[in-house]
Each structure stands twice: as structure tokens, then as C-alpha cells.
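Here is a protein chain to get to know step by step. Take a look at the fold, and then we'll walk through some of its parts together.

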Amino acid sequence: MTPNNPARRRRPTIHDVAREAGVSRGTVSRVLNGGHYVSPAAAEAVNAAIRKTGYVVNRHARSLITGRSGSAAFLLTEPQEKFFEDPNFNVLLRGCTQALAAHDIPLLLMIAGSREEQRRLTRYIAAGHVDGVLLISSHTGDPVAEELVRAGIPVVMCGKPMGRTRLAHVAADDRDGARQMVGHLVAAGRRRIGTVTGPLDTSGGVDRLAGYREVLAEAGLPVEDDLIVTADYSREGGAAATARLLDRRPDLDALFVASDLMAQGALGVLERAGRRVPEDVAVGGFDDSTAALSSRPALTTVRQPWDRISTEMVRVLLSQIDGDATSAVILPTELVPRDSA
């Protein structure tokens, strides 16, 4: 290698930035740590010098000074295959990654489907390798949130926690979303409306079923147990639940399915049974995921505001890391009519 080879060049340091900007090393450090007590002119000079020199923050050195890792975790306590099957997880991960990138904070993806994996990752997180956790976990009895909170780790959950309302969380208004969908089916003249619920140890499963029951009661329609089947938010689960519903109630004329992925499974079962959608059976989903658009017919659904959910989760987490109290954010949903209902 020649001395001019870029691989041999010295990396720019904070001293290089200070020299280029014409300020002290302390001023550069304050800019890098939030810009407190720095004039706008000095901050602009430092940022211009960073761009010109190509300086990159040494995160390891910073963590020794601040006691922070400068990173966050996206922790999914579901089996790994669910991450690849359910499009909502990918949308949420992308949104959180982008929101944290605006603060120059990398996001680590962690998947812990088994109890042993959860214990191992909880130990890793509690050792200080990340500053906070965006937790995708809503099943009753899942101990991860409690363990992280006891370890003093800032945590924000996606979805309302079951049994621990004081945990910071960001969620869509599941009950109102279900009310919008079932109200739409009732307004279309449907009277024998079945539902495939999500797991009833999750807040989404419970609240969407509650919205379904409320609208039927308000419309003067009977709330019949044989029109309600619970599944697991998977395509296969939705298909199996719909098959059971058809066996029980071959006269049903509408179906509210608590996720788009399950609704895809339901559409396949209805087609194989010779039921036209929406002529014979109107079908509504929930999420407005890519599964809704790829369904045939395109799926009428309830839109969860995933971009806002991601942004709010990151905002609440960063506030917690800075020492603020926990908080809860509930965001509105929106009915999206398409061809299936």
C-alpha cells in the first residue's frame, strides 16, 4: 500500500472538527450532545466542519463518558416465523428505525420466541447494551416487560398492556376500529355477522371483540356465541376459524376478521365453499396491511396508523431515557372501504 491509500488515512477526530470550525473542543462536544449552551452560529460552524471532515462519533468513547450505549432495541417476543409472515411487524420496524435515525440512534432487532431466548435477551439488555426497548409483546403472562422495568430499563410497548396499565405504551383504538367495521356491515344490511377474533390474551383481541358485541347490541341484533371464533392472527388460523364458523352457521352473511392476514385465510375458505364475496358474505379485516391490498377481492379494512405509532413509540421512549415519566398514547383508526364489503 502507498501512503496515499485511503485505507491508511487517519480518521478525523473531534480536534480536527474544532480546528476546522474555529471553536473549542468543548463546544464541539456540546453540539454532539444536543447543542445546549451553544450559539446558533457556533452550532452551524461545527455541523459544517463535521460534514467537511467526515467526522463520525466514536460511540464507544461516548458511552464511557455518558453511561449510555446510544442505541435502542426492537424486541419482538413472538416466534421468528411470525416476524416474516406478518407484514405489520416489518412496517413497524421500518418506522421505528427511521424515527430513531433522525436522532442518530441505531435500532437493534431482537426476536425472542421462547422463554429461554427471552431470559437471555433480558440479561443482555439489563447489562446496559441498549438504552431502551420498543417492546412488541401483548400476551397476558408475558414476563419480559415486568423484568425489564424492574431492571430499570426504559420500555415502551406497542399495544395496550394486559394487566399493567402503568406501562408506557402506544396503541391504536382497537375497540372503535371494530365498531366502525361492524357498523359498516350493519349499514350494508347484513344481519348474521360472524367474527374471527384475535387471541383473547391480547388487548387487540379483547377490544376488537368488545367493539363487535357493542355494535350488534346497539343495532338490536343478537350476539350469538356460535358466530364467534378465536384465532391466532395467522393466515392459517383465520382459514381454520372460518371453516368452523361455516360449519356452525352456514347462513352467515358477513364476517369481521380481526386482522388482514387472517382475512386472507378466510377469503380462501369462502371461495372453496362457493360463497361469493361480497354478494353472499361481506368480509372486513383490520390493519390495512399489504395483505389487504393483495387480497382478491381487495379487502375492506380498518387502518392502523403505523407511521404515527412508530413515531410516538420512539418519542415516548426517548422521553423516558431522558428521565420523564411513563405515558400512554391511543391513536384513532380509520375505516377503509374496498371491494370485499
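This is a predicted model: local features need pLDDT of at least 70, side-chain atom pairs count only at pLDDT 80 or more; totals for chains, interfaces and linings use all residues.

## Finding your way around

Now go to the segment before helix 1 (14-21), where you'll find arginine 11. Is arginine 11 buried or exposed? Arginine 11 counts as exposed because its relative accessible area is 72%, and the cut-off for that label is over 50%.

Next up is a sheet. In general, strands of a sheet pair through backbone hydrogen bonds, either parallel or antiparallel. Here, six strands make an open sheet with parallel pairing, and their order is 2-1-3-4-5-11. At the edges stand strand 2 (107-111) and strand 11 (328-331); each has a single partner strand, so one side of each has no neighbour in the sheet. Going from one strand to the next, the twist averages 20 degrees.

Strand 2 pairs with strand 1 (residues 72-76) in the parallel sense, over five bridges. Which residue of strand 2 is the bridge partner of leucine 76? That's isoleucine 111. Finally, look for helix 7 (residues 115-129), which lies across strand 1, strand 2 and strand 3 (133-136). Helix 7 runs at about 155 degrees to strand 2.

Notes. Residues are numbered from 1 along each chain as its sequence is written. Side-chain values use heavy atoms; hydrogens and water are left out. Helices (H or I, at least four residues) and strands (E, at least two) are DSSP runs, numbered from the N terminus. Buried means under 20% relative accessible area, exposed over 50%, partly exposed in between (1.4 Å probe, protein chains only). Two strands pair if DSSP finds at least two bridges between them. Axes are lines fitted to C-alpha atoms, for helices over the stretch in contact, and angles run from 0 to 180 degrees between N-to-C directions. Contact means heavy atoms within 4.5 Å.
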